[in-house]
Amino acid sequence: MLRTRLLWFTIGFSVSSAAIGHFIWRDLLVDRYALSSHTKQSFDALEARVLNLETINSNPAQVEG
C-alpha cells in the first residue's frame, strides 16, 4: 500500500511539474515571438520613413517649383 501511494504521488508530481513547465515554456515562446514581431514592425516603419525621405530629397526641384 505504501508503494502504491508513493507511485501515485510520483506520477501526480511528475504530471504537475510537466504541465507547469509546458505553460512556462509556451509563455516564453509567446514573448519571444511578440518581441521579434514588434521589432520587425518597428524596422518596417523606419524603412518606410527613410524611403519617403529619399524620394523627397531625390527630387528637390519638383518640390520647390
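So, what percentage of the 65 residues of the protein chain count as buried? The answer is 0%, where buried means under 20% relative accessible area, exposed means over 50%, and partly exposed is in between, with a 1.4 Å probe and protein chains only.

Before I go on, this is a predicted model, so to speak: local features need pLDDT of at least 70, side-chain atom pairs count only at pLDDT 80 or more, and totals for chains, interfaces and linings use all residues. Residues are numbered from 1 along each chain as its sequence is written, and side-chain values use heavy atoms, with hydrogens and water left out.

Okay, overall shape. The protein chain has two helices and zero strands; those are DSSP runs numbered from the N terminus, helices being H or I with at least four residues and strands being E with at least two. Its radius of gyration is 28 Å, well over the 11 Å that the globule rule gives for 65 residues, so the chain is more spread out than a compact globule. That radius is taken over C-alpha atoms, and the rule is 2.2 Å times the number of residues to the power 0.38. If you box up the C-alpha atoms along the principal axes, you get roughly 95 × 10 × 5 Å.

Now the surface. The chain exposes about 6,300 Å², and carbon and sulfur atoms supply 67% of it; areas come from the Shrake-Rupley method with a 1.4 Å probe. Met1, in the segment before α1, counts as exposed at 73% relative accessibility.

On to helix α1, which runs 2-58. Trp8 is in this helix and is exposed, at 58%. Together with Leu7, Ile11 and Val15, Trp8 makes a nonpolar surface patch of about 430 Å². For nonpolar patches, we take residues with over 30% relative accessible area and no salt bridge, and join side chains within 5 Å; a salt bridge is a side-chain nitrogen of Lys or Arg within 4 Å of a carboxyl oxygen of Asp or Glu.

And aromatics? Searching the whole structure gives one aromatic pair. The ring centres of Phe9 and Phe13 are 6.1 Å apart with planes at 20°, so they're stacked (centres within 6.5 Å to pair; planes under 30 degrees apart for stacked, over 60 for edge-to-face, the rest tilted). The two are four residues apart in α1, about one helical turn. Phe9 is exposed at 59%, and Phe13 is exposed at 55%.

Terms used:
Phe/Tyr/Trp six-rings, centres within 6.5 Å; stacked < 30°, edge-to-face > 60°. Patch = residues over 30% accessible without salt bridge, like charges linked within 9 Å, V, L, I, M, F, W, Y side chains within 5 Å.
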